[in-house]
Amino acid sequence: MSPAPPLDSRMRFIVVGGSVAGLCAAYTLRQSGHDVVVLDKRDERVQTRAGIRVPPNMTRLLETLPGMKTLLREYGTECEGMTFLEGETSQIIGRMVFLDEAMADLGCNFYMVPYDILLKQLLHLCRQIGVQLKFRTEIASVTVAFGQRPSVVSVWGERFEGDVLIGADGRDSIVRDTLTQQMEDSDDENDDTDLLAEREHSAGVSEIVVASYSINTSQFRDNPELQKLVDSDEYMVWPGSHVLVLGHKCGPELYIVTVTRVTGATPTDIDSEWNPRAPFPRNTDALVAEFEPRVKSLLKLASHCHQTIQRIPAVRRITHAPTSMVLIGDAAHTITIGATHNSSIAVEDGFALGRIFSHLTERDQIPYLLHGYREVRFGRSMSTEASELGAFIVVTFPPGPARDARNEQLAYSLINPDDMPDELLAMTWATYLVQFNYDANEAVDEWWLMGKFNMPHRNTNGNGHTNGHSAHSSEYE
Ligand SMILES: Cc1cc2nc3c(=O)[nH]c(=O)nc-3n(C[C@H](O)[C@H](O)[C@H](O)COP(=O)(O)OP(=O)(O)OC[C@H]3O[C@@H](n4cnc5c(N)ncnc54)[C@H](O)[C@@H]3O)c2cc1C
């Protein structure tokens with residue numbers, strides 16, 4: 001991290017949403033000396049017993065925070081690999097073993113960790129360094145205007161103003177609504193949608209429905225077949241026809257099962273908040289009717305279930321420099337909740353934003369740094385969204401030639417890695433390694449290496465004008 005900026009260059013950041021993305025951004029921004037206020041509509045104490053996946057690209061960042069290494073090791077489960085089981089027959093069709101050698105090269109492990117435990121530590125760290133945290137503060141409106149400081153107003157009428165507004169408010173982001181509106185109004189030609197080639201990235205998907213079930217592992221004691229699942233530290237993948245079931249341990253007490261489909265929500269689907277009293281979705285039993293008996297038994301043992309509906313926005317934009325707004329995490333992209341990378345990309349966003357704004361010394365530089373954030377993050381998050389959706393489509397092919405071809409490919413992974421030719425081993429690992437090896441801080445540093453020469457800054461002759469390559473920050477607005 002760069003040294004904290006001098007006091008007179010301190011900016012005030014308003015973060016709407018104090019979950020994974022918001023808290024990582026808040027912590028890293030505060031570390032750089034800025035004032036940060038986090039506003040969240042929920043209670044401070046997270047009562048959800050659910051779990052998230054922490055792949056190596058997320059571990060790498062989290063482990064830079066005090067206490068996180070120990071937390072992941074003590075409260076999480078270190079994932080040893082993935083086993084693919086034909087959903088209907090439970091026949092093993094593929095296996096990805098996270099080889100010690102590959103993980104050692106990556107320098108970070110893959111964990112599954114209870115969400116509430118991770119959040120508690122992030123909150124503790126934020127509080128320790130002076131981030132202002134305000135819970136039960138639901139934001140009802142956002143006010144922005146060109147060249148003005150953005151502000152938000154809570155349902156109680158409290159107003160918060162800052163130099164930069166960060167939308168970390170999840171899949172139904174109110175900040176995203178305002179940002180999209182501003183973009184449409186300004187008819188911006190420098191539009192990130194150019195990169196998206198007509199929704200190609202989303203594989204034609206517009207809605208993702210995920211039901212996430214939490215089961216206490218003590219429930220498995222009387223069922224030897226289920227107990228085998230808990231005895232394993234592997235991530236179980238049951239591909240079905242257009243439906244995917246995933247199961248994994250999450251620390252010693254929790255087993256998580258998610259049932260995902262991307263074929264659109266039905267009128268009976270519930271989009272629930274993450275709370276322990278959320279109603280169980282009614283139609284999941286039908287979705288798993290064709291699955292092996294263990295899957296059905298798992299759902300019956302669940303104590304909680306949270307079903308979320310993610311809608312892929314038609315317009316994609318993550319920053320609006322003229323009004324100093326930026327989106328991070330699920331507000332910025334639609335990476336399948338309950339899959340491998342929903343939280344990892346949110347954490348990367350938070351860290352990247354903090355690192356970019358560690359270079360801020362003057363208010364005029366905000367548009368330029370937002371432009372930098374967009375350059376670093378947009379491609380990364382959209383390509384991850386596309387690869388997660390694409391993988392989902394392939395893995396849930398219905399019976400037929402496409403599924404047979406997929407199974408043929410997966411079968412290569414069943415060859416013992418020691419007996420596998422190097423090229424095949426490299427091919428099997430390639431996609432995973434590219435994702436896992438990504439370092440969000442390094443990506444920012446690479447951008448900064450070239451980007452700093454273009455950053456507007458005050459003229460040393462004291463006339464108050466900006467100089468540098470771009471005499472005016474308006475170039476980035
Ligand atoms: C309590 C909770 C538990 C979760 N548990 C899991 C889990 O077990 N497994 C999993 O895969 N994913 C879980 N998620 C979702 C997961 O955190 C995200 O998919 C991912 O980590 C991206 O995080 P995010 O910070 O971008 O968004 P989110 O985690 O969705 O956080 C958005 C935050 O914004 C707040 N918010 C939304 N609108 C407003 C508003 N108008 N005013 C103020 N605040 C607002 C919400 O209360 C929430 O805290 C959970 C989310 C929450 C909030």
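Tutor: One term before we start: helices (H or I, at least four residues) and strands (E, at least two) are DSSP runs, numbered from the N terminus. This is a predicted model, where local features need pLDDT of at least 70, side-chain atom pairs count only at pLDDT 80 or more, and totals for chains, interfaces and linings use all residues. Residues are numbered from 1 along each chain as its sequence is written.

Student: Okay! How many helices and strands does the protein have?
Tutor: There are 14 helices and 21 strands.

Student: And what share of the residues is buried?
Tutor: Of the 477 residues, 45% are buried. A residue is buried if 20 or more other C-beta atoms lie within 10 Å of its own, exposed if 12 or fewer, and partly exposed in between, with C-beta atoms placed from the backbone.

Student: Let's do sheets. What is the strand order in the open sheet of 6 strands?
Tutor: The order is E8-E2-E1-E12-E19-E18, with mixed pairing. Strands pair if DSSP finds at least two bridges between them. At the edges are strand E8 (132-134) and strand E18 (319-320), each pairing on one side only.

Student: What do E1, helix H1 and E2 make?
Tutor: They make a right-handed β-α-β unit, with H1 covering residues 20-31. Right-handed means that, with the strands pointing away from the viewer, the path from the first strand over the helix to the second runs clockwise.

Student: You mentioned Val164. Is that residue buried or exposed?
Tutor: Val164, which is found in strand E12, is buried because 25 other C-beta atoms lie within 10 Å. Leaving out residues up to four places away in sequence, Val164 touches Met11, Phe13, Ser324, Val326 and Ile366. Touching here is a contact, so the C-beta atoms of the two residues, placed from the backbone, lie within 7 Å. Val164 and Ile14 are 150 residues apart in sequence, and their C-alpha atoms are 6.3 Å apart in space.

Student: What else does E12 pair with?
Tutor: E12 pairs with strand E19 (residues 325-327) in the parallel sense over 3 bridges. Ile166 stands opposite Val326 there.

Student: Which other non-glycine residue has a positive phi value?
Tutor: Ser90, with phi near 65°. Ser90 sits in the loop between strand E5 (81-85) and strand E6 (92-97). Ser90 is partly exposed, because 16 other C-beta atoms lie within 10 Å. Thr89 is found in the loop between E5 and E6 as well, and counts as exposed, because Thr89 has 11 C-beta neighbours inside 10 Å.

Student: New topic: what is the order in the open sheet of 3 strands?
Tutor: E3-E7-E4, with antiparallel pairing. E3 and strand E4 (77-78) stand at the edges with a single partner strand each, so one side of each is left without a neighbour in the sheet. E4 is joined to strand E7 (residues 111-114) by 2 bridges, and Glu78 stands opposite Tyr111.

Student: Last one! Which residues come nearest to the ligand?
Tutor: Of the 32 residues around the ligand, Gly17, Ser19, Ala50, Gly170 and Gly329 come nearest. A residue counts as near if its C-beta atom, placed from the backbone, lies within 6 Å. The elements that give two or more residues to this shell are H1, strand E3 (51-54) and helix H10 (342-356). The shell divides into 14 nonpolar, 12 polar and 6 charged residues. Here Ala, Val, Leu, Ile, Met, Phe, Trp, Tyr, Cys and Pro count as nonpolar, Asp, Glu, Lys and Arg as charged, and the others, Gly among them, as polar.
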